[in-house]
Structures are given as C-alpha cells and as structure tokens.
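Reader: Could we go through the pockets together? I have the structure open and would like to start with the lining.
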Amino acid sequence: MTGNNFSEGTSSPDVRPVLWRNARLATLASEDGLGIVEKGAVLTENGRITFAGAESELPASAIERSDIVDLEGRWVTPGLVDCHTHIVHGGNRAREFEMRLQGATYEEIARAGGGIVSSVTATNALSVEELVSGALPRLDTLLAEGVTTIEIKSGYGLNRSGEVKMLQSARLLGHVRPVRVATSYLGAHATPVEYKGRNGDYLDDVVLPGLDDMFNLGLADAVDGFCEGIAFSTAEIARVFDKAKALGLPVKLHAEQLSNLGGAKLAASYGALSADHLEYLDDDGIAAMAAAGTVAVLLPGAFYAIHEKQKPPVEALRRAGVPIAIATDCNPGTSPLTSMLLTMNMSATLFGLTVEECIAGATREGARALGLIGETGTLEPGKSADLAVWNIESLAELVYRIGFNPLHARVFKGERNGR
C-alpha cells in the first residue's frame, strides 16, 4: 500500500513459535478455491506465518521448539477483512429508517436534507476521543466475529478540520484495539449545506486542500469518492483522483449504486483498488475493471437497508474474472450493519454468491481491495499471523447461519485475543 501508514494494534512478539495444530485449514492461498487442507497446521513466529499446510509436512524441529495449541479439528480461516466501513461518526439516523418504512427513497431523503449531510452536525460536534468512544462498540462487535483488518473512511466532516479529526480517530482505533486499520479520505462524499449547488467550489475550498492535509499528516492510505447524481459527477471525481495520483495515493470509488454514471470505468482508468456498490454497473465498466484488476466490493447491507431492487451483475463479474469482495458498509444511515457473518449470508441470499465466493470475499479479496494482499487475507508463509478459528463442522456454516457467531478464537499478528 502506498505510504504504508495503515494502523495496527500493537502486540508482543511471540517468545517462542506457536504451532496451531490439529486443524482444518482454508488457506485461500490459491486464486481459485479455498485452499482446503485437512489435518493441517499453522506455525507462527514473531507475528508472522512461517508454515501453513499439512501437519505431516512439518519438520520435527519445528514441533520441538514451539508452544503447541491443539485446535481439536476446528476450522481455521484467515482473519476476516471488512474492506468498506464508515464506523467513525456521531449520532444515528433511526428517523430516516422510519421514513424509509413509510415509503421514502434514499434519494428523496438526501434531497430533503437527510442522508449523509444529516450526520455531519453530529460528527463535527464530537472530539477525537468522543468519536473513538462511539466507534469502539461497533468495532468490538466486528472483532468478536473474527475481523482482523478493517477499512475506515472519513466523509462526515465535510470540512478540513472535521475530515482530519475523523481519520485521526480511525488511526487511534488501530492503536487501542488489536486490529489493522486502513484509512480512506472521503472528502468527496457529499456537498455540505453551505456549498449546495456549488460542488466545484467545495472541491476547491475543502476536498483538494484537505487531501494535502491528509497526505502531509500521514492519515490517508487511499482516496475515495461518491460518484452519483446526488453527490459528484465523473468529471468532479476525476479532479480528486488527479490530485491523489499526483500525491501517489491509491484510489477507490462508491460507484453505480443508484444509477450508472460510468464511475467504475473512471475508477478503473486510474487503476483503482476497488469500485464499490455497483448495482447499476454496465458491461463497459466490468471490462474496464477486469483490465485494471480493480476489485468489485459488494455491499448487501446497503442494498437491504434501502430496499434496492436492482442487484449487482454478479454473473457478468464472474465471467470477466473481476475479483469480488464483500463488506458491511457499516454506516449510520444506509447500512447500520456490524456483522461480517451476516454480510456473508446476505451476499449469498440476496446476490447469489457461492459459499466459496463469500468466504474469499471476506478474506483474500477484501485484502486485495485494500492493497493489502501481500500482508494478510490468506494463510501463507511470510504473511501476518491473522487467523480466525471456528467451531463449525463445514465452512458453509459461516455463510448459512443468521445471528449466530461460531468464533472460537481470533488471532492477530500471532497473538490470541477476544473470544
């Protein structure tokens, strides 16, 4: 990842190597399939994986010098990756939930002064410490389900100081909890009330100089935007991406959620890490993403919460070979979801993803969408020792259960924590 500034919770190095043995592994190491190893083991040392494979292939010396944890036949996957969240914010939007129940659309709510802008006042009223305190229960819920890496966006400040404060809070979360935090600057999320009808002025006064702020302070690992009729046009997003490119920061984009403006194709032209939502993605956008290696991040929580009808073109993405990740999109208005397990179930039941696609989307492809595939997302030697150990008989249980958490243990950088 450009800049390598992502935050990681600190942990003590292993005094001795740890051998997690008598396990069934889903290594995700192959680009195709889950990389299943029966009677497997994972060896970790100083927070890194040094072996992941069949226990019979372990040298005797590795066993003799290691502390041993018998997993009693449990399944082990990479730690889960939630690659699209807005968990740092103030207040809630329960009233908008009621409005949607009464028939109002997301776009109608936004144009009436609700939506993203309605979270701005509540967020800007809080200090960094208060934002962290408010986000911790949401983060802790995700960690309790095996999440070891999370992306956190700004976008509810909509002024330079507010955006800085949000990403300072995100960085701090990566230090007060054992989790890897990747940050995204989302100044181009919405236009604040004082700039209504003047998107260009908002970009000039806030978003572009704010990007300099984030770069100089080392707060942004990537740059995001919302390309939509109620937000920013492709031409406006291109201005933001040009600036990000000049600074050497990777980009990603909320695209084709409510309509097709060609945002995904634009993002791919900049080599974007990901394009997210994608309900209205067309064939040109899919082809561009495939050529660029841009990950499609599907967000079933938002699809569900705002009663969307048009599904992302999953089969076309498959045929084109576009990697598919999934994420909670945890936010106060359109996806108040804090469960990657439920996200997996929704991805299968609402979008038709297979069990394999759901698990890969919540691990390997989520890491790819953050530019972190070299660090986490699979069980392979050299990668961070981020593991999730599950009390399940089959991997399908991770996807099919609703409201049930089978996590036995969460391991981050080689150290067991949480459950």
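Reader: Which element gives the largest share of the lining of the largest pocket?
Author: This is a predicted model, and in it the largest share of that lining comes from α3, which contributes three residues.

Reader: How many residues line the largest pocket, and which lie nearest its centre?
Author: The lining of the largest pocket is made up of 25 residues, and those nearest the centre are Ala110, Arg111, Val117, Thr191 and Ile230. The elements that give two or more residues to this lining are α3, covering 106-111, and α4, covering 116-124.

Reader: And what volume does the largest pocket have?
Author: The volume of the largest pocket is about 500 Å³.

Reader: How do the residues of its lining divide into nonpolar, polar and charged?
Author: For the largest pocket, the lining divides into twelve nonpolar residues, nine polar ones and four charged ones.

Reader: Moving on, how much space lies in the second largest pocket?
Author: The second largest pocket holds about 290 Å³ of space. It is lined by 15 residues, and Glu31, Ile324, Glu357, Arg364 and Glu365 are the closest to its centre.

Reader: Which elements give two or more residues to that lining, and which gives the most?
Author: Those elements are α12 (314-320), α14 (355-361) and α15 (364-369), and α14 gives the most to the lining of the second largest pocket, with four residues.

How values were computed. Residues are numbered from 1 along each chain as its sequence is written. This is a predicted model: local features need pLDDT of at least 70, side-chain atom pairs count only at pLDDT 80 or more; totals for chains, interfaces and linings use all residues. Side-chain values use heavy atoms; hydrogens and water are left out. On a 1 Å grid over the protein atoms alone, a cavity is a set of points where a 1.4 Å probe fits but cannot get out, and a pocket is an open set with protein on both sides within 12 Å along at least five of seven lines; lining residues have an atom within 4 Å of a point. Grid points are joined across faces, edges and corners, and a volume is the space filled by probe spheres set on the points. Ala, Val, Leu, Ile, Met, Phe, Trp, Tyr, Cys and Pro count as nonpolar, Asp, Glu, Lys and Arg as charged, and the others, Gly among them, as polar.
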